[in-house]
Amino acid sequence: MSATAARTRRAVVTGGLSGIGAAVVERLRADGCEVLTADIDPAADLVIDVSNGADIERYAAELADIDVLVNSAGIVGPNLPAWEVTPEAWARTIDINLTGSFLMTQAVLGGMRARGWGRVVNIASVAGKEGNPNLAAYSASKAGLIGLTKSLGKELATDGVLVNVVTPAVIATPMNDGTSDETLKYMIDKIPMKRPGTAPEVAALVSWLASDDCSFSTGAVFDASGGRSSY
Ligand SMILES: NC(=O)c1ccc[n+]([C@@H]2O[C@H](COP(=O)([O-])OP(=O)(O)OC[C@H]3O[C@@H](n4cnc5c(N)ncnc54)[C@H](O)[C@@H]3O)[C@@H](O)[C@H]2O)c1
């Protein structure tokens with residue numbers, strides 16, 4: 001038995017106050033983890049804008065003690081043709097969805113590597129594989145997150161720290177409240193199951209990726225798309 005086997009696993013879920021993140025929090029708690037939420041929502045355990053390195057630095061001690069990081073914080077960003085997207089809206093989307101996951105991961109890796117066990121699960125999107133029209137910044141941020149996952153998986157493959165990414169299709173959460181009906185219809189029409197997924201369905205996959213049962217998968221892309229993205 002390793003020295004860490006007796007330790008109650010400690011998890012941080014970014015974006016843990018809503019949608020997929022909230023479902024992951026509930027699921028990991030049911031799995032027996034101690035879970036901290038990290039969110040811009042003031043009700044979070046760690047009040048963090050994930051794109052802000054100084055916010056993250058304030059919780060360096062807590063984050064050094066984390067075994068499982070789930071990067072779920074994200075925004076849709078501009079829902080416009082790419083030629084109408086402002087540089088500011090582009091940068092904000094990349095900063096939160098991609099750089100935020102990178103900064104949070106950096107904050108937990110020292111502790112995970114020292115203890116020889118860790119799980120990082122990134123929540124990307126099928127948009128990062130296929131590119132959704134009128135969501136260029138979002139799609140680019142999620143493609144970047146897939147690339148980051150693949151690099152980290154290889155860098156950490158012999159350290160006991162596994163890094164994987166989930167690519168959901170449209171999931172019924174508050175995130176879609178601001179998405180146009182046209183874009184939502186486009187996304188649901190492309191799903192062979194002809195329905196949005198649910199947050200608990202994604203959380204079930206994340207639960208496995210965060211566990212000891214996931215032991216020979218890293219740097220990999222896991223689908224949760226009702227058959228849309230079967231590659
Ligand atoms: N809902 C979908 O259809 C869908 C599909 C594919 C991928 N995803 C991805 O899943 C993740 C979760 O999405 P969701 O549907 O649960 O969204 P949501 O809007 O319900 O929740 C997002 C959470 O992230 C938090 N957040 C936003 N910006 C933040 C920041 N800068 N710092 C910290 N926290 C911040 C919000 O406060 C909120 O609690 C996102 O990364 C999203 O891109 C969602």
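Which residues is Tyr186 in contact with, leaving aside its neighbours within four places in sequence? They are Asn132 and Pro133, where contact means heavy atoms within 4.5 Å.

## About the model

This is a predicted model, in which local features need pLDDT of at least 70, side-chain atom pairs count only at pLDDT 80 or more, and totals for chains, interfaces and linings use all residues. Residues are numbered from 1 along each chain as its sequence is written, and side-chain values use heavy atoms, with hydrogens and water left out.

## Tyr186 and helix H7

Back to the opening residue. Tyr186 sits in helix H7, residues 181–189; helices (H or I, at least four residues) and strands (E, at least two) are DSSP runs, numbered from the N terminus. Tyr186 counts as partly exposed because its relative accessibility is 31%. The cut-offs are under 20% relative accessible area for buried and over 50% for exposed, with partly exposed in between (1.4 Å probe, protein chains only). Asn132, one of the two contacts of Tyr186, is 54 residues away along the chain, with 8.9 Å between the C-alpha atoms.

Asn71 belongs to strand E4, residues 68–71, and is buried because its relative accessibility is 1%. Its side chain makes a polar contact of 2.8 Å with the side chain of Asn122. A polar contact is a pair of N or O atoms within 3.5 Å; within protein, one must be able to donate a hydrogen and the other to accept it, and residues adjacent in sequence count only if both atoms are side-chain atoms. Beyond four places in sequence, the contacts of Asn71 are Thr14, Ser101, Met104, Thr105, Val120, Val121, Asn122 and Ile123.

Met104, in that list, lies in helix H4, residues 87–115. With a relative accessibility of 0%, Met104 is therefore buried. Outside its sequence neighbours within four places, Met104 is in contact with Val12, Thr14, Ile48, Val50, Ile56, Leu63, Leu69 and Asn71.

Thr149 is buried because its relative accessible area is 0%. Not counting residues up to four places away, Thr149 touches Asn122, Val163, Asn164, Val165, Gly219 and Ala220.

Thr218 is in the loop between H8 and strand E7 (221–224). At 28% relative accessibility, it counts as partly exposed. Its side chain comes to 2.9 Å from the backbone nitrogen of Val163. Thr218 also touches Gly153, Ala157, Val161, Leu162 and Asn164, when residues up to four places away are set aside. Of these, Ala157 is 61 residues away in sequence, and the C-alpha to C-alpha distance to Thr218 is 7.0 Å.

## The ligand and its pocket

How many residues surround the ligand? There are 28, and the closest are Ser18, Ile20, Asp39, Tyr138 and Thr173; a residue counts if one of its heavy atoms lies within 4 Å. Backbone atoms take part as well: an N or O atom of Val50 is 3.0 Å from a ligand nitrogen, and one of Ser72 is 3.0 Å from a ligand oxygen. A polar backbone atom of Ile171 is 2.7 Å from an oxygen of the ligand.

On its own the ligand has 840 Å² of accessible area, and the protein covers 92% of this (Shrake-Rupley method, 1.4 Å probe). The ligand takes up the space of the largest pocket. A pocket here is an open set of points on a 1 Å grid over the protein atoms alone, where a 1.4 Å probe fits, with protein on both sides within 12 Å along at least five of seven lines. A molecule sits in a pocket if more than half of its atoms lie within 2 Å of its grid points. Helix H1 (19–30) and helix H6 (136–155) are the elements that give two or more residues to the shell around the ligand.

## Two positive phi values

Most residues other than glycine have a negative phi. Asn134 has a positive phi, near 65°, and lies in the loop between helix H5 (127–130) and H6. Asn134 is partly exposed because its relative accessible area is 32%.

Lys194 has a positive phi too, near 55°, in the loop between H7 and helix H8 (199–209). Lys194 is exposed, since its relative accessible area is 52%.

Notes:
On a 1 Å grid over the protein atoms alone, a cavity is a set of points where a 1.4 Å probe fits but cannot get out, and a pocket is an open set with protein on both sides within 12 Å along at least five of seven lines; lining residues have an atom within 4 Å of a point.
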